[in-house]
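This briefing accompanies a structural model and is arranged by topic. Please consult the sequence and coordinates alongside the points that follow.

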Amino acid sequence: MVRVKLPFPLRSLAQVGSEVQLEVKGDVTQRSVLDALEESYPMLKGTIRDHVTKKRRAFLRFFACEEDLSHESPDALLPEEVASGKEPYFIVGAIAGG
Amino acid sequence: MTKVRVLVGTQKGAFILSSDGKREKWDVSGPHFAGWEMYHLKGSTVDPDVIYASQSSSWFGQLIQKSNDGGKTWSTPGGEKMPDPYDPPGGMSNKFVYDTSDKTGAPLTTHQWYDGTQRPWEFKRIWHLEPSLTDPDVVYAGAEDAALFRTTDGAKSWQELSGLRGHVSGPQWQPGAGGMCLHTILLDPQNPNRIYIAISAAGAFRTDDGGNTWKPINRGLRSEYIPDQDAEVGHCVHRIAFHPSNPDVLFMQKHWDVMRSDNAGDLWTEVSGNLPTDFGFVVDVHAHEPETVYVIPIKSDAEHYPLDGKLQVYRSRTGGNEWEALTKGLPQSNCYVNVLRDAMAIDTLDSCGVYFGTTGGQVYCSSDSGDSWNAIVRDLPKVLSVEVQTIN
């Protein structure tokens with residue numbers, strides 16, 4: 001199972017806690033993880049990626065294993081620690097405020 | 001017993017203010033969707049318990065929420081997995097995609113940017129939701145970048161009425177200071193094929209065929225901030241209102257100028273009259289007196305607050321030109337709030353109620369047509385929109 005950490009506004013929208021666990025079919029990539037997330041929680045469609053282009057929303061970042069994966073290819077394999085569930089995949093809102 | 005329910009959208013959540021017909025004691029519910037920008041909430045006139053809400057965020061984009069119980073509980077339509085294969089795919093309630101199909105769509109061209117260059121259309125948010133007058137599952141949505149969408153399945157899915165954005169003048173449309181937003185949607189109660197919309201800063205448009213084709217209705221408007229001051233499009237219309245019994249008579253608060261049309265927008269004349277400043281955002285019409293109109297003058301386009309720090313609603317009982325200041329109960333010193341374009345509403349009780357919300361978080365109510373005012377709440381986040389439901 002892949003573990004995904006969600007930012008607070010998406011937790012309340014999906015009515016889940018800070019982390020969800022997903023079964024990801026095939027290769028574990030950012031695309032397949034987000035596909036599985038949206039499959040399980042359809043209300044999150046469009047809130048993380050554009051509906052049509054699947055491009056990451058500008059103020060969101062993707063982290064795992066202390067690395068920023070936001071600009072990596074969505075089809076690149078995620079680290080084995082994420083695929084095995086040892087480490088979570090983080091969806092994080094960019095910092096704002098004053 | 002008649003009740004009123006005031007739907008308040010703020011920069012950090014939604015609030016529902018409820019009272020009986022006296023409108024003296026209020027119950028405040030919220031924040032709903034705490035932390036999100038709630039641009040607009042509006043109830044169906046067919047079924048007042050059905051309320052639609054536009055929820056958005058720069059981080060997570062657009063969501064549409066729906067309540068079937070008067071705002072007690074909410075859900076994203078279609079957010080659940082759909083058991084019927086013929087239902088639209090789940091999670092489509094926030095999918096607002098410009099129509100570029102060969103059959104119905106308009107090419108996804110460009111519009112004018114602030115600096116005069118052309119930019120591609122890009123969906124940003126829904127500013128205004130307007131439920132149908134006859135079917136609670138039909139709703140119109142005004143978008144930024146300016147476009148009109150419609151749902152016929154209770155907001156599970158949306159389709160663009162692309163004849164508007166596809167108007168030949170589209171490449172000349174440009175954003176106002178708040179973005180290129182379609183913020184006003186008026187459904188003619190006497191003619192189901194007629195809809196008025198307004199866009200900052202393109203102007204006002206009308207369809208007479210249910211949204212397939214549109215014509216600009218900006219003749220008579222003059223705007224100093226465009227090269228051709230009486231151009232067909234390019235005017236920053238802030239708000240339009242009409243009385244349901246007389247929908248051919250329109251009142252407009254433009255960037256500057258309060259305007260009136262007696263022929264469904266074909267020609268406008270200025271009715272600013274004795275207003276101390278004719279810049280502003282809101283305009284609305286009394287529930288029972290079609291020639292009684294309300295505006296809230298704002299000092300200027302650079303100084304978005306009342307003149308001399310005095311919050312004053314102005315009322316005309318003559319359909320414009322002759323205006324009186326309404327000040328009783330409103331702050332008359334050191335007041336520097338703004339009242340945004342969707343933040344005034346009118347109830348339909350016998351003693352007509354007028355409501356408005358400010359960027360300082362106050363929501364004011366007058367239960368006597370504007371003669372006197374009370375603050376229902378004083379310390380909400382910045383108020384983006386106010387609507388009221390009169391519930392019998």
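In which loop of chain B does G170(B) lie? G170(B) is found in the loop that connects α1 (162-165) with β13 (181-187) of chain B; helices (H or I, at least four residues) and strands (E, at least two) are DSSP runs, numbered from the N terminus. This is a predicted model, in which local features need pLDDT of at least 70, side-chain atom pairs count only at pLDDT 80 or more, and totals for chains, interfaces and linings use all residues. Residues are numbered from 1 along each chain as its sequence is written, while chains are lettered from A and ligands numbered from 1 in the order in which they are written.

**Confidence**
- Chain B has a mean pLDDT of 94, with 96% of its residues at 70 or more; pLDDT is the predictor's confidence in each residue, from 0 to 100.
- For the complex, the predictor gives an ipTM of 0.82 and a pTM of 0.93.

**Surroundings of G170(B)**
- G170(B) is buried because 20 other C-beta atoms lie within 10 Å; a residue is buried with 20 or more such atoms within 10 Å of its own C-beta atom, exposed with 12 or fewer, and partly exposed in between, the C-beta atoms being placed from the backbone.
- Apart from neighbours within four places in sequence, G170(B) contacts T109(B), H111(B) and R165(B); contact requires C-beta atoms, placed from the backbone, within 7 Å.
- A distance of 23 Å separates the C-alpha atoms of G170(B) and W256(B), which are 86 residues apart along the chain.

**Nonpolar cores**
- The largest nonpolar core comprises 107 residues, and V8(B), I197(B), I240(B), Y355(B), V363(B) and V386(B) have the most contacts inside it; such a core is a set of buried Ala, Val, Leu, Ile, Met, Phe, Trp, Tyr and Cys residues joined through C-beta atoms within 7 Å.
- A second, separate core of 25 residues includes V4(A), V24(A), V28(A) and L69(A).
- Among the residues that V363(B) touches, beyond those up to four places away in sequence, are V6(B), V8(B), L17(B), Y355(B) and V386(B).

**Sheet β3-β2-β1-β29 of chain B**
- These four strands form an open sheet with antiparallel pairing; two strands pair if DSSP finds at least two bridges between them.
- The edges are β3 (27-32) and β29 (383-391) of chain B, each pairing on one side only.
- Strand β1 (residues 3-10) of chain B is joined to β29(B) by eight bridges, and V6(B) is opposite V388(B) in β29(B).
- Four bridges link β2 (residues 13-20) of chain B to β3(B), where L17(B) has V28(B) as its bridge partner.
- In β29(B), seven of the nine residues are buried.

**Sheet β21-β22-β23-β24 of chain B**
- This open sheet also has four strands, paired antiparallel.
- β21 (279-285) and β24 (324-326) of chain B each have a single partner strand, so one side of each lacks a neighbour in the sheet.
- Three bridges connect β23 (residues 313-316) of chain B with β24(B), in which E324(B) is the bridge partner of R315(B).

**Chain A and the interface**
- Helix α2 (residues 30-40) of chain A has Q30(A), S32(A), V33(A), L34(A) and L37(A) as its buried residues.
- The elements covering these buried residues include β1 (2-5), β2 (19-22), β3 (60-64) and β5 (89-93) of chain A.
- The contact between the chains takes 17 residues from chain B and 14 residues from chain A.

Key. Contact = placed C-beta atoms within 7 Å.
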